Every structure is written in C-alpha cells, then in structure tokens.
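Reader: I'm new to this one. Can you walk me through it and tell me what the labels rest on?

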Amino acid sequence: MQALVIQSYRTTDVPEWIEHCLASVRDWAGMAGWHYRFLGDEILDHVPAWYRARAQERMPVMTDLARLIVAREELRSGMDVVAWVDADVLIFDPDGFNPAPSGTAAFSRELWVQEDGMPGRPKAFRNVNNAVCAFRAGNPILDFYIHACVSVMRRVVGGVPNQIVGTKMLTALHNIVGFELFDDIGMISPPVARDVVAGTGPALRLLLNETQLPLRAVNLCNSLVGQRVSGVDVGEALLAAVISRLAIDGKSIFAERGPNR
C-alpha cells in the first residue's frame, strides 16, 4: 500500500510545542512506512483567489479546502491512501496510531469538554472535525466535500466562522449520512489541558468517561492560544506542559476510560 500523510504550517517563527507535534507525526510516518509531505504557505496556492476573498483570508477556512485538493492530487498521482494531520496534533502512542480508514474515508470524532456555567461542572459536546482525515483512492466523499466547500463559500454572506466548512459542515453531514470516525484521536480543550498537567480533574475525567477507545493522539487546539476559555488561560507554556506530561504518562492516562473509571 502506498500511503501518505500530509501536514502544513508556516516555516518561520514556529512555536517549539508545534515543532514537537510535527516531529511526532513525521517520526510516526517513518516508523509506520508512510510517505510524509510537508507544505508551508504554498499550500494556499491551491485555493482560488475568490475563495480566499470570501474566506476573508482566514487560514482555517482556506486550509480546509486546500488539504482536500492536495489529497485529491496525491490520490490521482498513485497513492492508495492519503491522510491529513493538523500541525497541532500530537501522536503520543505511535505504536497504536493508524489513520488509514477501514472504509473509503474517515474523519475525527470530537469530544469537546467545557465548563457548563459552573466551575467543576464540565459538559461534553460531540462533533466531527477534520484535524485528522483520510481518504482512499476511488472514494466518493472527497469530490463531494470539495464541491460542498466551494458551494458554501459561494453563498456565504457576511462574517465567516473558522469552522464553517470544517467542524460545522462535517458535524451536520455526519448526523445525516454517518461518516467513519477515528475514536482514538482526542480533543484537548483548555479545561482538559489544565487537568492533564495537574494529573486529574473533572474535565479530564469526563473526557475519559466519554471516550470509547484509548487515545493515541490529541489535538491541542492551536487556534485558542492567547485566549481565556472556561477560566483557563491558553498559552504556549500550558501546551508545552501538556506535551511533556503526555510524553511520560500519555498511554497510562488514556488507557483508563469509561463510566466505571
């Protein structure tokens, strides 16, 4: 099987914690026998000028389309499987990680944990995202997803949320058609990040209770850096601390899960 994983990020002023995440994917690819391709800002060359204008130059909206176009090009060039992994995804259990879909395509299940109005009372929200997504040659989903992104952006009026053709679209479509989802890629929301560093806490316990499989990788939510979310100040130091903790205890932390934990 010819398999490829693609990533993209800027090539200057790269935060150290992002470099750790990128290295974790690059190292995994070498170990697993996957090809690896990294793209800098040139990935935006795949996005039409009108789309960029409609997206108001929002990087998440532009790369949501660009990743799909690049994946399609690679499949047409002879790859059997092409996976995309966001630059802020950390693989901490490379032995168990495998982003090849069992069917034709797969996306990431998202369990987003946030405070429910009161400290210590977290709530989990279920969505679908494309932080990790993968497509096999001949799949029927990729062309449709590209078409849907273009159609949405041609019709959009006014402000454009970052998730418009990512999480929002995929969650709505999944609720109707039911995509294959990766259950072993977690979403580390700010309250979960705080608890991971502390070793325990209500947000982490809720994530573990709601997670079906042991996590192998996590999305560290780079888009929230510099913000205060659910009472947590999201900074690079916090995310670096999460990475350090997962490097030591990640497999044991996420090995235990389910309502009886």
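Author: Exposed is over 50% relative accessible area, buried is under 20%, and partly exposed is in between (1.4 Å probe, protein chains only). This is a predicted model, where local features need pLDDT of at least 70, side-chain atom pairs count only at pLDDT 80 or more, and totals for chains, interfaces and linings use all residues. Residues are numbered from 1 along each chain as its sequence is written, and side-chain values use heavy atoms, with hydrogens and water left out.

Reader: What makes residues 16-32 a helix, and how far does H1 reach?

Author: Helices are DSSP runs of H or I with at least four residues, strands are runs of E with at least two, and both are numbered from the N terminus. H1 has 17 residues and reaches 24 Å from first C-alpha to last, close to the expected 24 Å. That expected span is 1.5 Å times one less than the number of residues.

Reader: Which residues of H1 are buried, and why say they line one face?

Author: They are Trp17, Ile18, Cys21, Leu22, Ser24, Val25, Trp28 and Ala29. Seen down the axis of H1, they fall within an arc of 150°, so they line one face. The arc is taken from the directions from helix axis to C-beta atoms.

Reader: Why is Glu115 called buried?

Author: Its relative accessible area is 15%, so Glu115 counts as buried, being under 20%. Glu115 lies in strand S5 (residues 105-115).

Reader: Which residues touch the most other members of the largest nonpolar core?

Author: Of its 41 residues, those are Tyr51, Val61, Phe107, Phe135, Met153 and Val165. Such a core is a set of buried Ala, Val, Leu, Ile, Met, Phe, Trp, Tyr and Cys residues joined through side-chain atoms within 4.5 Å. H3 gives the most to this core, with nine residues.
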